[in-house]
Amino acid sequence: MDDFSTYQGALEVFRRVNCVGERENCIIGTIVDLSKSSEANGAIAGMSALGAVGYIVGGALGRDRDLRTSRIYDFMFALINFTETGVGIIPLQGGGMKVNPEKQSPFYEGFVFYYYQEISDISFKNYMGLRKSVKAVAITLLSGAKLCFNANMTEKALPYQVNGMANLVGRYQK
């Protein structure tokens with residue numbers, strides 16, 4: 001199991017997928033916001049329009065859109081590296097209630113990288129508009145797809161989270 005509990009360990013995880021910047025590597029651990037997936041939203045919209053059949057059809061169409069973007073919504077957790085050229089995302093497989101290197105491992109086959117030219121917006125907002133200790137992170141692609149995460153300002157198991165979040169919030173807070 002790859003240990004991403006230290007900054008150097010997390011950097012090695014991203015090095016395995018060739019996602020290490022020359023000047024900048026801002027790595028954070030996040031919880032994937034499954035409620036924002038196209039699958040969930042399509043199912044709810046389909047159910048309100050057509051009932052049970054609409055729920056199934058809407059969910060399937062949304063799932064197809066999610067898969068064309070990335071497999072991130074198949075997972076509960078992810079590591080994100082903001083480099084000088086783009087954003088790399090590695091899903092974490094395993095259980096738990098928060099990012100935990102002892103219980104989770106990187107799923108390298110699910111790695112995605114988006115160049116900044118493919119991204120229309122990156123935002124960090126206070127969770128539910130109130131909680132400053134948790135940020136809702138949204139990466140909106142030019143295709144209109146949105147990848148949504150929640151990230152704690154501090155993670156006990158990830159000491160590098162404090163510096164990474166301070167840097168990113170300073171840059172992208174809305």
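I take a nonpolar core to be a set of buried Ala, Val, Leu, Ile, Met, Phe, Trp, Tyr and Cys residues joined through side-chain atoms within 4.5 Å. I keep in mind throughout that this is a predicted model.

Entry on the cores. I looked up the largest nonpolar core and found that it has 28 residues, of which Phe82, Ile89, Phe124, Ile139 and Phe149 touch the most other members. I then listed the elements that each supply at least two residues of this core, among them strand S2 (77-83), strand S3 (86-94), strand S7 (131-141), strand S8 (146-152) and helix H4 (161-172). A second, separate core has 16 residues, including Ile27, Ile90, Leu92 and Leu158.

Entry on isoleucine 139. Leaving aside residues up to four places away in sequence, I find that isoleucine 139 touches Phe82, Val87, Ile89, Ile119, Asp121, Ala145, Lys146, Leu147 and Phe149. Its bridge partner in S8 is leucine 147, and S7 and S8 pair in the antiparallel sense over 7 bridges. In the hairpin of these two strands, with 4 residues between them, glycine 144 takes a positive phi near 100 degrees. On the S6 side, 8 bridges join S6 to S7 in an antiparallel run, and phenylalanine 124 stands opposite valine 137 in S7.

Entry on helix H1. I noted Gly9, Ala10, Leu11, Val13 and Phe14 as the buried residues of helix H1 (residues 7-15), and these pack against S1, S2, S3 and strand S4 (104-106).

Entry on cysteines. Cysteine 19 counts as buried because its relative accessibility is 3%, and cysteine 148 is likewise buried, at a relative accessible area of 7%. I found 0 disulfides in the structure.

Methods: Residues are numbered from 1 along each chain as its sequence is written. This is a predicted model: local features need pLDDT of at least 70, side-chain atom pairs count only at pLDDT 80 or more; totals for chains, interfaces and linings use all residues. Side-chain values use heavy atoms; hydrogens and water are left out. A disulfide is a pair of cysteine sulfur atoms within 2.5 Å. Buried means under 20% relative accessible area, exposed over 50%, partly exposed in between (1.4 Å probe, protein chains only). Contact means heavy atoms within 4.5 Å. Two strands pair if DSSP finds at least two bridges between them.
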